[in-house]
Amino acid sequence: MGSSRAYPVFRTDDLADAYRRARLLSGLMKPLDAEMWLCAQALTVPEARGLAALLPTGLFEPSYDWDRDVWFTGAELPRDDRELAAELPLTVDTYAAPAPVEPAFLRALGAGSATMLWYGVWPSAPGIPSAVRDSANQRVELGINEEHPDGRHTLYVHFTYADETGAARLAAAIGGSVLGPAQVGR
């Protein structure tokens, strides 16, 4: 969907709380797509098997060697655990219908990083100027198991243009605040 400006608006060690707030934010948006984007890193064979069962058409690639050009769908992962272990860590990404997959995706995660993206359009409101200018690149992102000293799970709001005012308004709606400058290209 192109480059966006992402503002971190909430960070915690409590994944259930981060997810709850992400759903509150995504509920403020007018949905654009019937699907959301999911990405996760499987560090162990059981994690890879769990994610593959949940996302059989997801694209699994070895995370350590992008130049190798090897990938599997979840349904095509090696059946032998030793062969699968040799491919770890694996990164899976796919699109899926939001409501049915979300709780199972969260349960399937291990210690690897993951991302959940909900696409939509922010409400047209005076406090969110960029919502009126361009609806592209508007989304909610939940970064899971990120490396931050003040919490592992970070919630971001995305805009096409820098919009700290809009980010602050959306953060306030979930009891958060803008935690730093916009990040480009997330």
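Residues are numbered from 1 along each chain as its sequence is written, and side-chain values use heavy atoms, with hydrogens and water left out. Because this is a predicted model, local features need pLDDT of at least 70 and side-chain atom pairs count only at pLDDT 80 or more, while totals for chains, interfaces and linings use all residues.

**How confident is the prediction?**

- The score to know is pLDDT, the predictor's confidence in each residue, from 0 to 100.
- The protein chain averages a pLDDT of 89, and 91% of the residues score at least 70.
- Helices (H or I, at least four residues) and strands (E, at least two) are DSSP runs, numbered from the N terminus.
- Among these elements, the highest mean pLDDT (96) belongs to helix α2 (residues 45–54), and the lowest (63) to helix α5 (residues 129–133).

**Aromatic pairs**

- Rings of Phe, Tyr and Trp (its six-membered ring) pair if their centres lie within 6.5 Å; planes under 30 degrees apart count as stacked, over 60 as edge-to-face and the rest as tilted.
- Searching the whole structure turns up four aromatic pairs.
- One of them is Y7 with F159, an edge-to-face pair with 6.2 Å centre to centre and 70° between the planes.
- This pair links distant parts of the chain, 152 residues apart: Y7 sits in strand β1 (residues 5–12) and F159 in strand β9 (residues 153–159).
- Buried means under 20% relative accessible area, exposed over 50%, partly exposed in between (1.4 Å probe, protein chains only).
- Y7 counts as buried at 3% relative accessibility, and F159 is buried too, at 0%.
- Y19 and W118 make a tilted pair, 6.5 Å centre to centre with 40° between the planes.
- Y19 is in helix α1 (residues 15–28) and W118 in strand β7 (residues 114–121), so this pair ties together parts 99 residues apart in sequence.
- Y19 is buried at 17%, and W118 is buried at 4%.
- Y7, W122 and F159 form one aromatic cluster.

**Helices α2 and α4**

- The axes of α2 and helix α4 (residues 98–108) come within 9 Å and cross at roughly 170°. Axes are lines fitted to C-alpha atoms, for helices over the stretch in contact, and angles run from 0 to 180 degrees between N-to-C directions.
- Contact means heavy atoms within 4.5 Å. From α2, E47, G50, L51 and L54 meet V101, A104, F105 and A108 in α4.
- The buried residues of α4 include V101, A104, F105 and A108, and their cover includes α1, α2 and β7.

**Two backbone details**

- A cis peptide bond joins L88 and P89, with omega about -5°. P89 is in the loop between α3 (81–87) and β6 (90–96).
- N145 is not a glycine, yet has a positive phi of about 60°. This residue is in the loop between β8 (139–144) and β9, and is buried at 15%.

**A buried leucine**

- L170 lies in helix α6 (residues 164–173) and counts as buried at 2% relative accessibility.
- Not counting residues up to four places away in sequence, L170 touches L25, L28, W122, I128, V157 and F159.
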